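Here is a short briefing to read alongside the model. Take a look at the structure first, then follow the notes below.

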Amino acid sequence: MNADAAYPPERFRADLARFLERFPGYEADGDFDALRASDYSRLDRHGHIYLDYTGGGLYAESQVREHHDMLAEGVFGNPHSHNPTSLAATHLVAEAREAVFGFFNADPVEYEVIFTPNASGALKLVGESYPFEAGSCYLMSFDNHNSVNGIREFARRGGADVVYVPVRKPELRLDEALVRRGLQQPAECQHRLFAYPAQSNFSGVQHPLEWIAEAHELGWDVLLDSAAFAPTNRLDLSVAKPDFVPLSFYKMFGYPTGIGALIARRSALAKLRRPWFAGGTITLASVQAGTHRLAEGAAGFEDGTVDYLGLPAVTLGLRHLDRVGIDVVHDRVSALAEWLLGEMTSLRHGNGAPMVRVFGPETMDRRGSTIAFYLLDPGGAVYDVYRIEELAGEQRISVRTGCFCNPGDGEVAHDITPQEMEECFSVPEAPVTLQHCQRLIEDTTGKVPNTIRASLGIASNFADVYRFVAFLADFRDRPVSALGLGA
Ligand SMILES: Cc1ncc(COP(=O)(O)O)c(C=O)c1O
């Protein structure tokens, strides 16, 4: 395959000029090329087309340098003692917390910032501590990530009612009437938690943040999963006020990888009952008295020693994102995604058959820059997504395949019935894997429950999406049989 031959440089320049004319906001800040050259130069140096930002963001080279310089220069001990090296580390932790409050415009009087290993760690804190019991309710959307779905196990164990609101094809949006019905129905629920993603990590659909206030009116606590939303969208917690916001910082700015946060409203946090205590989470524990007192606020939820050397990298990452401007990033990736969606949905085989099927909205109306799709051959058969990923990899194009830990969107996108999913779990061999289940469904129903995902982020540029379209266009008129299966 030779994508460059199909798209020679003159054509690229002409298409870029047309793109810039159509999306004047793309270069609003004027110096993106300089940023890409200074902070993400490794992409072009090694010929990478990175299209997996929803999997993990990319760090600016300056973030790593600044972090390294700080570590090389300072002397830091375990925080929370009064010696100078410990105080220096305590200061770094406080600075990172301040930076998170500032970036999300969260009022420290109203919110707490709890550092966790990642978004899943933040979600587990909520799941294991929420007062799920008989008479409580856990309402969630179909398009949640598995780390939100997993909270249902805590809910069930406690005896709470667990209810899902389905997404609907073709856009994989939630039916607003069903959301409202779900919020209104269980009038007798004592504790009620409603969880949905600000942006689906599968379809890119963005749900209304106005649901938060509506849910509050009806007595719900709201968990807004912002892991896939925050890297390219402004989340202003002085406007939308969810109770629990899980985040992974590597998704926002690539580095560090082991730190996330739960931003939680103090009032909601007060409801949580921690199932245990650990070093750092108590004001006092006694062996002989057999009891303990949990520390108030964030401290009561940060088990053990926080990543005090990694946290300054969060401060630096947020500073970097602030310098570039989250609104600038948003406008730029939205322009690129709009162009990409338009190109992908117009690709046709010689017989006029579409080459791409997008799962989710085909326009930028209420969606982010994460695009789930698969490629079809001239007869409408689906190319093996693992083979596509392999071929993309040969051109150093990084896309993701699978179900992206978002089974609800995947099952609806591919019309998988509850019975078909149950079949996967009824097969006696263990373990039951995604590949195994996909194969079973494909063999018995002909459906191909697998997806490719391309997602854009802070360092994406027109050349990236252009090269990707050229890669896709190269499948024109090639039957599935000519391609074979991926590893
Ligand atoms: C929407 C969403 N929520 C939660 C997570 C979990 O993030 P992590 O694996 O960093 O804990 C992800 C990861 O892809 C995600 O996309």
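Axes here are lines fitted to C-alpha atoms, for helices over the stretch in contact, with angles from 0 to 180 degrees between N-to-C directions. Helices (H or I, at least four residues) and strands (E, at least two) are DSSP runs, numbered from the N terminus. This is a predicted model, where local features need pLDDT of at least 70, side-chain atom pairs count only at pLDDT 80 or more, and totals for chains, interfaces and linings use all residues. Residue numbers start from 1 along each chain as its sequence is written.

**Helix packing**
- The axes of helix 5 (residues 61-73) and helix 14 (residues 311-324) come within 10 Å, crossing at roughly 145 degrees.
- In contact terms (C-beta atoms, placed from the backbone, within 7 Å), Ser62, Gln63, Glu66, His67 and Met70 of helix 5 meet Pro312, Ala313, Leu316, Gly317 and His320 of helix 14.

**Loops worth a look**
- A cis peptide bond runs from Lys169 to Pro170, with omega near 0 degrees, and Pro170 sits in the loop between strand 5 (167-168) and strand 6 (173-174).
- Leu172 lies in the loop between strand 5 and strand 6, and its phi is near 60 degrees, a positive value in a residue other than glycine.
- Another cis peptide bond joins Tyr255 and Pro256, with omega about 10 degrees.
- Asp415, not a glycine, has a positive phi of about 55 degrees and lies in the loop between helix 17 (407-413) and helix 18 (418-426).

Terms used. Contact = placed C-beta atoms within 7 Å.
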